[in-house]
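Please keep the sequence and the coordinates at hand while reading.

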Amino acid sequence: MRHPFRLFPRLADASDGWQKRCFGLLLRALVLVGCWSSITQVLAAPPLNADSLKARLHRPGQPDTARVRTYWLLARALRNVQLDSARQYAQQGVTLARRIQDAPGLAYSLNALASSEYHRGDYPAAQHAYEATLAAARRANLCPLTGLAYSGLGVVADAMNNVPGAVAYFEQARAVYATCRPAIPDREVGVLTNIGNTYLQVGQYDRADRPLRQALALVRPSTTAPDLLNLLDLIGLLQLAQHHPDSAAATFGRELRLARAAHERRFETYAVGNLASTRLALGQPAAALPYAQQALRLARLTGDQSQVDEYTLVLARVLGALRRPEAFDTLLRYTKLHDELKSRARNQEIVRQQTLFGVAEQQARIRALSQQRRISQLRAEQQTARARQYGLLAGALLLLLLGGGALLMALQRSRHRLQASETALRQANKTQQKLMRIIGHDLRGPVAMFQQVTPLLRAALGDEAPRDAVELVEELDGTAQHVGALVDNLLDWARLQGGLVSSHPVRLRATTAVQSVVQLYAPVAQHKGIAVGIDVAAEAWVWADLTLLTTVLRNLLANAIKFTPTGGAVAVTAQATATGVRFGVQDTGRGMPAAALALAMGAENAASQPGTAGEPGTGLGLPLCRHFVALLGGELHGEPNDQGPGLQFWFELPTLPAVAAHEPIS
């Protein structure tokens with residue numbers, strides 16, 4: 001999802017830390033656009049339509065290897081129009097490839113299945129399928145598909161808000177593409193674009209500049225239009241962030257011309273909106289007005305309500321700069337749209353939680369009905385045996401035989417009714433699970449946008465706004481931050497309770513996980529005036545799942561910064577021990593008694609406490625960390641500092657097992 005916050009570099013003068021945080025969140029949609037554009041181009045398959053592929057499946061005499069290829073091509077062709085059919089064809093390709101031991105066909109079919117799961121919003125299933133794709137591509141020695149699997153894992157990690165994990169996977173994809181022969185420059189463009197975008201998300205503009213320029217130098221005539229347009233959009237945003245609006249305007253103008261030539265309406269909308277905001281940043285509101293109006297018209301044509309909301313606010317700012325009377329009416333329409341988004345997001349979360357509990361109840365009923373059906377089957381078999389024995393008796397037992405037959409028919413009818421009920425319940429369970437995935441996938445966008453727009457609304461009101469309006473916007477801002485944190489923790493907690501979280505350990509250096517998390521929170525700590533220190537052994541290796549480990553470290557570091565006052569310090573350590581690697585996070589905050597700390601780490605007694613600067617929370621961070629550390633094979637410990645105020649949390653994970661020397665190294 002794009003947003004106008006990033007289009008106003010002057011706002012950075014008022015709050016540099018806030019601008020960097022919003023800027024990173026708003027660029028996440030672009031990394032998905034660029035990476036998925038690369039993914040859809042890398043498979044070497046002709047662009048056949050679905051009807052011709054279905055006809056090929058029924059062609060007599062076709063070898064099994066050709067049928068496998070047709071299955072995954074069909075899944076690819078139907079991925080954007082018929083998700084369920086695409087997933088079914090991909091699974092059939094996987095099944096057939098395994099039966100005939102077709103290694104390349106299995107790798108491509110698994111990749112098609114992973115893509116289908118991602119588009120359905122089932123990120124854990126997509127991650128599992130991409131891991132299987134990676135293993136199959138290595139066995140088949142398919143270099144491009146190996147890099148593609150790493151890129152897919154990066155996309156899934158980014159969709160699950162795991163920025164350090166996404167960076168690590170993209171770096172691995174780049175290393176794989178560098179070894180492919182012949183070289184694949186187009187794939188290098190996509191990976192470099194993703195790396196540059198990731199650095200933009202965390203506000204490291206100097207580090208983002210180099211990979212984006214390298215990607216621009218690798219552009220060839222064969223580079224796809226979405227790849228090039230995505231790269232130009234990111235370069236323009238970087239120029240805006242570095243306070244070069246003239247250069248940004250030229251870049252966005254080039255993007256607009258290319259988007260119109262390639263009939264890419266989405267990028268045309270982005271470019272026009274960026275030009276409106278750039279002209280406004282240059283102090284040219286009159287020149288910005290036609291761009292803002294055109295961007296709003298294009299957004300309405302696409303039917304994307306979030307874009308309509310975004311460019312309504314852009315138009316309001318332009319009209320306000322021109323001191324036009326309709327500026328206030330436009331701002332009121334923008335506020336109404338956001339109220340609708342807020343209400344819709346809250347209702348979706350309530351329905352999703354109700355669905356989770358409903359699914360569990362339906363599963364329990366299905367198990368009970370299955371047991372009843374088994375009992376009925378046993379009784380029916382017993383009655384059948386008795387009826388056979390009664391048939392051997394003389395006419396005196398004929399009446400008893402007829403009674404047994406009637407009883408048997410009644411039992412058969414009962415069994416059929418139970419089977420029909422079970423089928424109906426399974427269908428209802430499937431429908432509810434699908435609804436849960438849709439809600440979990442679509443809920444992030446509106447909530448994230450709601451978090452980001454309230455500060456800009458407050459800035460747009462100005463110093464002369466009525467006091468009631470200012471208080472209302474401040475209340476909306478606090479609510480937005482609280483709802484965003486609550487939704488993230490609730491989604492993680494629901495996945496954990498639903499058994500959707502699993503550990504897939506690999507070999508990795510402890511410094512990889514620690515440094516990525518510290519870099520992510522460096523702007524937040526700097527804005528609050530807190531020093532963050534790192535003490536990591538250079539040769540400390542650990543056997544762990546990268547996603548789970550970075551999630552634990554990210555929550556612990558966020559809590560430490562939250563409860564440490566200005567001028568304090570936080571230390572993140574990773575030291576080798578005799579049995580593994582000990583990770584620790586220590587702060588100089590206000591601390592808490594041992595009994596209260598044990599209560600805070602319990603899931604059933606989770607309670608939120610405000611930070612030293614009034615930061616809100618959900619109370620689920622420490623319980624989630626405790627469960628994730630347990631999945632990694634360790635135990636989370638928390639205790640007051642030995643040498644002063646504050647708290648320290650630590651856990652120990654096993655070192656690299658000797659039998660796992662063949663596993664990938666992070």
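Helix α3, residues 50-57, packs against helix α4, residues 64-78, at an angle of about 155 degrees with the two axes 10 Å apart; here axes are lines fitted to C-alpha atoms, for helices over the stretch in contact, and angles run from 0 to 180 degrees between N-to-C directions. This makes α3 roughly antiparallel to α4, given that angles under 35 degrees count as roughly parallel, over 145 as roughly antiparallel, 65 to 115 as roughly perpendicular and the rest as oblique. The crossing of α3 and α4 is left-handed, a term used if the near helix is turned anticlockwise from the far one by less than a right angle, with clockwise giving right-handed. On the α3 side, Ala50, Leu53, Lys54, Arg56 and Leu57 meet Arg67, Thr70, Tyr71, Leu73, Leu74, Ala77 and Leu78 of α4, where contact means heavy atoms within 4.5 Å. Sorted by class, this contact of α3 with α4 has eight nonpolar, one polar and three charged residues; Ala, Val, Leu, Ile, Met, Phe, Trp, Tyr, Cys and Pro count as nonpolar, Asp, Glu, Lys and Arg as charged, and the others, Gly among them, as polar.

The model is predicted, so that local features need pLDDT of at least 70 and side-chain atom pairs count only at pLDDT 80 or more, while totals for chains, interfaces and linings use all residues. Residues are numbered from 1 along each chain as its sequence is written, and side-chain values use heavy atoms, with hydrogens and water left out.

The axes of α7 and α8 come within 8 Å and cross at roughly 165 degrees, which makes α7 roughly antiparallel to α8. Their crossing is left-handed. Residues of α7 in this contact include Tyr130, Glu131 and Leu134, and those of α8 include Ala149, Leu153 and Val156. By class, the contact of α7 with α8 has 11 nonpolar, four polar and two charged residues.

Leu153, in helix α8, counts as buried because its relative accessibility is 4%; buried means under 20% relative accessible area, exposed over 50%, and partly exposed in between, with a 1.4 Å probe and protein chains only. Leaving aside residues up to four places away in sequence, Leu153 touches Gln127, Tyr130, Glu131, Leu134 and Tyr169. Leu153 and Glu131 are 22 residues apart in sequence, with their C-alpha atoms 7.6 Å apart.

Now to the loops. Most residues other than glycine have a negative phi. Asn141, in the loop between α7 (123-139) and α8 (143-159), has a positive phi near 60 degrees, and Asn141 is exposed because its relative accessible area is 70%. Gln101, in the loop between α5 (83-100) and α6 (103-119), also has a positive phi, of about 60 degrees, and counts as exposed because its relative accessibility is 73%.

For the protein as a whole, there are 24 helices and seven strands, taken as DSSP runs numbered from the N terminus, with helices (H or I) of at least four residues and strands (E) of at least two. Buried residues make up 51% of the 666 residues. Among contacts with a separation of 6 or more, 69% join residues 24 or more positions apart.
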